[in-house]
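Here are a few exercises to work through with the model open in your viewer. Try each task before you read its solution.

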Amino acid sequence: MTTTAITPLRNEVSLGLVLMVLSVLISPIIDIFAKLAVTSVPATEITFVRLLFQMTVLGPICLMRGTLFDVTWRKTGLHAARGLLMAITMITFVTPLAVMEVADAIAIFFVEPIILTILGSIVLKETIGWRRYTACGVGFFGSLLVIQPSLQEVGPIALLPVVSAFSLALFFLLTRLVSQKEDPWSMQFYAGLWGGLFSGLLLVFGSATGIAFLTPVMPDMANTLYIAAAAVAATIAGVLGVYAYRAAPASTLAPLQYLEIVSASILGWWVFGDLPDAVKWLGIAIIIASGLYVIWRERKLNKTATIPPVSTPI
């Protein structure tokens, strides 16, 4: 276990911000197609197919780049943990989409940036000022205005996005730990490999025990296309996210994830007819303002000071 001081350059941080915005704007496409499929196909099977597709696409790319086998045995445990967390995140988020609106699930899920910001300050020793903490809080308040999640309306299943949020925060934390020395494409390939193995084992267990939500089914053509589209979007968003966390601190990028609720609301209205009311639009405006403030604040700091080094265990 070694410690490396990492000082992101100013242009790298700006690039990380741009890539993160692109990633979170693409991410709701995954959820829209997953919701279309999950009423007929178990969330675990959707997760398995998505990760299998991710491996199929990224494997040849990594071979052409010559980076497929660059991952060392010393880091295998971290990559396996990322794959496990990726599978848990997908399963626990997609499962409630069968009875919840996409925006509802995302609104509950958005405790994740706050968890990530706190973990980034504790584990990665990232310096976080009160302004960025405030931006996280304001963004979270905005997400509550967009959709007011309620346990009384959907029952205990509403807690699953919270589990998903915590597992994704840990996933991003591990991404930050290994991304400085690893190829992003290979990282996503191995995350898909380990996550696919875990979800595949769950499907085998479901078939043996007869547990409905773990038992695989044969999807029809429409659901096959839905799952394939979700897989494509997930692969693109995942690679963009890896590059973003390679360029900028996790605490800087975390508040930008609130922008996902914007595209989720728009897509939810377009596909399912869930048009936001005046209060929800106010929340969307607050979320956008929060994200823009983070970008403005980061640029201001880059002009006046050097970003403090981050101690990263490899």
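**Exercise 1. Find which residues Thr92 is in contact with, leaving aside its neighbours within four places in sequence.**

Start with the contacts: Thr92 touches Leu160, Pro161, Val163 and Ser164, where contact means heavy atoms within 4.5 Å. A word on the ground rules: this is a predicted model, where local features need pLDDT of at least 70 and side-chain atom pairs count only at pLDDT 80 or more, while totals for chains, interfaces and linings use all residues. Residues are numbered from 1 along each chain as its sequence is written, and side-chain values use heavy atoms, with hydrogens and water left out.

Thr92 counts as buried because its relative accessibility is 12%, and the cut-off for buried is under 20% relative accessible area with a 1.4 Å probe, protein chains only.

Now look at the side chain of Thr92. A polar atom there lies 2.6 Å from the backbone oxygen of Ile88, and the side chain also reaches the backbone oxygen of Thr89 at 3.4 Å.

**Exercise 2. Work out how H3 and helix H8 (residues 160-178) are arranged: at what angle do their axes cross?**

The axes, lines fitted to C-alpha atoms over the stretch in contact, cross at roughly 155° and come within 8 Å. So H3 is roughly antiparallel to H8, a label for angles over 145 degrees.

Then check who meets whom: the H3 side includes Leu85, Ile88 and Thr92, and the H8 side includes Leu160, Val163 and Phe171. By class, this contact has 14 nonpolar, six polar and one charged residues. Nonpolar covers Ala, Val, Leu, Ile, Met, Phe, Trp, Tyr, Cys and Pro; charged covers Asp, Glu, Lys and Arg; the others, Gly among them, are polar.

**Exercise 3. Decide whether Asp104 is buried or exposed.**

Locate Asp104 in helix H4 (residues 102-109). Its relative accessible area is 15%, so Asp104 is buried. Finally, compare sequence with space: Asp104 and Ala264 are 160 residues apart in sequence, and 9.7 Å apart C-alpha to C-alpha.

Notes. Helices (H or I, at least four residues) and strands (E, at least two) are DSSP runs, numbered from the N terminus. Buried means under 20% relative accessible area, exposed over 50%, partly exposed in between (1.4 Å probe, protein chains only). A polar contact is a pair of N or O atoms within 3.5 Å; within protein, one must be able to donate a hydrogen and the other to accept it, and residues adjacent in sequence count only if both atoms are side-chain atoms. Axes are lines fitted to C-alpha atoms, for helices over the stretch in contact, and angles run from 0 to 180 degrees between N-to-C directions. Angles under 35 degrees count as roughly parallel, over 145 as roughly antiparallel, 65 to 115 as roughly perpendicular and the rest as oblique.
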